[in-house]
Amino acid sequence: MSSSTQHIRLRRPATKPDPPAPPRHTGILQDQLRRAQRRPWTPSFSLAVRILMLVRMFGVMYSNIDDCDEGIVCNALLQKTPSSSVLVYNFWEPLHFLDRGSGFQTWETSPMYSIRSWAYILLHLPPVRLAAALLGAEKRPAFFAVRMFLSAVCVLAEASFYKVVADKINQRVGRYLFFMLLFSAGMWNASAAFLPSSFAMYMTMFAFSFALDRPSYGNSRRTLLATVSFAVGAIIGWPFALALAIPFVFEELFLFGADSVTPLVYRSWLLKRWTRLFTAVLCASLVFVNILKFSLYDIVLIHLRQVPVIGVDSLAYGRLTIVPWNIVQYNIFGGAERGPDLYGTSPWNYYFLNLILNFNILVPLSLLALPALLVTYFVDNKRLGIIKPEHESSPFTMLAIRLLPFYLWLGILTSQAHKEERFMFPAYPLLCFNAAVTLYLMRGWQEALFIKITSSPYRASQSLLFARFTLSVLTATSIISFSRIMALWHYYHAPMTAVWAFETKELPRLLNVTGLIPTYSGIPDDETPRIDLSPIKHFDLKLCVAKEWHRFPGSYLVPDGVSIEFVKSEFSGLLPGHFNNVPAEVNSTSALWLRPGTSHVPDNQNDLNKEEPSRYVNVNSCDYLIDLDFPSHPVGTDLEPRYAIDAKTWDRVFCKSFIDVRHSRLLTRAFWVPGETWQKSNEFGDYCLLRNKELVDKKEIEVKGRVGRGEI
């Protein structure tokens, strides 16, 4: 008889095999401590995109349309065109003309000179139209949609660049680079800037995400896509940015890279390399490639190059136009009477001061990259993997070539008399890359010195000294950059705030007092429809700018129905005129273009920066005026009277503080620190939106009467 007793046997869980150790990092720079332990943390590509996108979207909303601290690096007399005005009048205003049919036109977009590409401007029209489709016809959302689009492209470029540095150079270098890009004031300014130099910066990062791989005969993808990226940045963006590709071209033509080349096959290898690069250049020009062999990203990149730049520009200007050549011709072969020097010259140290503002301690680190690499070659050469297979290029040579473009770019720009901050944009990521490499090599010196003193690699691997050193550097540069960003916001944001007050406070007030805003009774405030500003056209308002023309943030931030004009000031150069929105001629190719007025040759334009009196209107005809006044240190002239204190003619609608750079200390005006102790060293003026009492009161009465009679 069987027993009813049941037995339970407890078995030990089966031992699972340990997961395989991750393969050792094979980048150019090799860690010498903790090589058997887990790799340093680096964000994944998707996480990097999300983190960068968060910071860049803050930049979209709060960064200025300005890339110049006038008190430090700009000509205080403003006889050269400030960079912010270049951004607005050469790019935002032409885009506004394509979109709305009105805007300011500089001589550079005249068909007679044509040194601005309409193909580049046209790339920014889709986000404008998308914003209009989703959010309505208001212009302000379109402005921020363009900045969001630019920042999104920048984020993809930054994340790609960072990830390749982590994979191909070193994971710690990649991590340092990520945080340098993320927090630097320079990238904050450049990422959302509507400028060809910013576009060239994006494409430079894409190009280096391919070029950082070692060249080899079997890696044709690297050659093709890096070449295409450099070409896109130069042709659609800024042709001079092609200088950053010089080390890449040299490497591609002459350095072995990962190829093992013996003397017997050297000539045939050299011929193949030259042929491959020539083919890549041809493809970059003709875009005739088999895209089926590449990834989705590669297809998008190649199709971007398929934008018919010459065709679009020729259609817009109404004649055959090669804008990149026109830019080079004007800037290099323009002759003694014309050229960039007409718009101001700067001392040799301009870029060094400007870079210190935007990248602080990263600047000396970036300049020390090549010397630091040389020191590492002698004191810590194992970090370079200096023992290499025979007949291949050494890691020392490979890394030196990758550090060279920043030096080359800085040297070229410093040698030029005319200097602007935006010219440095394409090299901003390379500055961060050089600084990240230097920081890593300095950490390596500390490790080597620690081991030499203690004779204990184990103690070195357990020490937190090296991590704290790199963390302190990254923390310091981030804090200083944040201080700079806050200074730009607190000290220089008033121009954008003034037009915001004009749109959200003053214009609704006009509509309200004249009965053009409907009343909504019994509706909660959060459900009340937004104010429709379109009736403002009945006032025929004129908003004027005088000496503040160079800080005007653009027509996209001024509602439709308000005209914008200039008032004469002490500035004696050429100001922009208005685009002529002429109809297309019958059977003309201009009928195929969005705005045939781009092919109209305007009157009174010149490339000699000679003043044109027809640009000005009488200040007494202005309904509103934007002006800057310094009450603590008043300065007034016949051409620049102190409008803000003329209470008989002008009412102060809105005023916001603006830094007085001439009477503020250098350090306190360049960086922001909370507290009165810091701020008492600064002087401020009033950046004001002024209302012409007589004209506006008269128009209020007139429009109110028309509303009462039912005419409106």
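Me: Which cysteine forms a disulfide with Cys655?
Reply: Happy to start there! A disulfide is a pair of cysteine sulfur atoms within 2.5 Å. The sulfur atoms here lie 2.0 Å apart, and the partner of Cys655 is Cys688.

Me: What kind of model is this, and how are residues numbered?
Reply: This is a predicted model, where local features need pLDDT of at least 70, side-chain atom pairs count only at pLDDT 80 or more, and totals for chains, interfaces and linings use all residues. Side-chain values use heavy atoms, leaving out hydrogens and water, and residues are numbered along each chain as its sequence is written, from 1.

Me: Is the disulfide of Cys655 and Cys688 left-handed or right-handed?
Reply: Look at the torsion about the S-S bond of Cys655 and Cys688. That torsion is about 110°, so the disulfide is right-handed.

Me: Is Cys688 buried or exposed?
Reply: Buried means under 20% relative accessible area, exposed over 50%, and partly exposed in between (1.4 Å probe, protein chains only). Cys655, at 29%, is partly exposed. Cys688 has 0% relative accessibility, so Cys688 counts as buried.

Me: How many disulfides does the structure hold?
Reply: Besides the pair of Cys655 and Cys688, Cys544 and Cys622 form a disulfide. The structure's count of disulfides is two.

Me: Is the disulfide of Cys544 and Cys622 left-handed or right-handed?
Reply: Both of these cysteines, Cys544 and Cys622, are buried, and their sulfur atoms are 2.0 Å apart. The torsion about their S-S bond is about -90°, so this disulfide is left-handed.
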